[in-house]
Structure formats: C-alpha cells, structure tokens
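Q: Please take a close look at a single part of this structure and describe it for someone new to it.

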Amino acid sequence: MSVRVRRVHEPPEPDDGVRILVDRLWPRGLTKDAARVDEWPKGLTPSTELRRWYHAGDRPYEEFRERYEAELAAPEAAGLLDHVRELAGKGTVTLLTASRNPETGHARVLARLLEE
C-alpha cells in the first residue's frame, strides 16, 4: 500500500496514482484541469468547526488529530475512508491538500490511518 501526501498546487507526477483532494474547499487559483483530481470526498475532510478551531491560534496538533479521528469514526466518513483504503490496496493514492505544511495537517492524519 502506498499513500502519499502532496500539495495540490504542485504539478501532477506520473507515479501519483489516484489523486484525491482532501480539502473541504476548492484551492484558490487552481483550475480543475491543472489539479487533475480523480476524487474529492468532502465527507473525509475536517468539519468547518474543527478547521476553524485549529486555525484560530496555537492549537495543539495532537488535540486536533484526536478530534479529527473522532470525526472520521462517523459512518459517512468511515465509509469514505474504507473506500480510499481499498484504492490504496490496489495501487498508489496521493492525498492532495492546499495546506502550506501538509506534515501537520489533516492529510497526514488520513495517511497514517490509511497505512495502519
């Protein structure tokens, strides 16, 4: 199983496999053709409330991770996570985010859960 995390603004690479946008909002300044997104499961993204809470100030990443994992346990999100896990079992999946630092964001939480 191969799960990658990349910024959506980076040019697509041939070994990206299935490209999945994991942000709730479409990235500014990026056309759909340029992004080459295969899937956009908005139900996998952090809720608006959680996203606002995390970006409101110096919130601890570990608490964000715990809250986000709790959201991912809800039936809709769990089903979408299973779908992406199935895709990753068949080949490479690249989780795309507009986050400037994808290593401390929700895409990294998703990647870790998919790799477990």
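**Strand E3 and its partners**

A: In E3, Thr97 is the bridge partner of Arg7. This is a predicted model, in which local features need pLDDT of at least 70 and side-chain atom pairs count only at pLDDT 80 or more, while totals for chains, interfaces and linings use all residues. Residues are numbered from 1 along each chain as its sequence is written, and side-chain values use heavy atoms, with hydrogens and water left out.

Strand E1 (residues 2-7) runs parallel to E3, and six bridges join them. Helices (H or I, at least four residues) and strands (E, at least two) are DSSP runs, numbered from the N terminus. Two strands pair if DSSP finds at least two bridges between them. Strand E2 (residues 18-21) is also parallel to E3, joined to it by four bridges. Ile20 has Leu95 as its bridge partner in E3.

How many of the six residues of strand E3 are buried? Five of them are, so that strand E3 (residues 92-97) is mostly covered. Buried means under 20% relative accessible area, exposed over 50%, and partly exposed in between (1.4 Å probe, protein chains only).

Elsewhere, helix H4 (residues 75-90) contains Gly79. Gly79 counts as partly exposed because its relative accessibility is 38%. The C-alpha atoms of Gly79 and Thr31 are separated by 28 Å, and the two residues are 48 apart along the chain.
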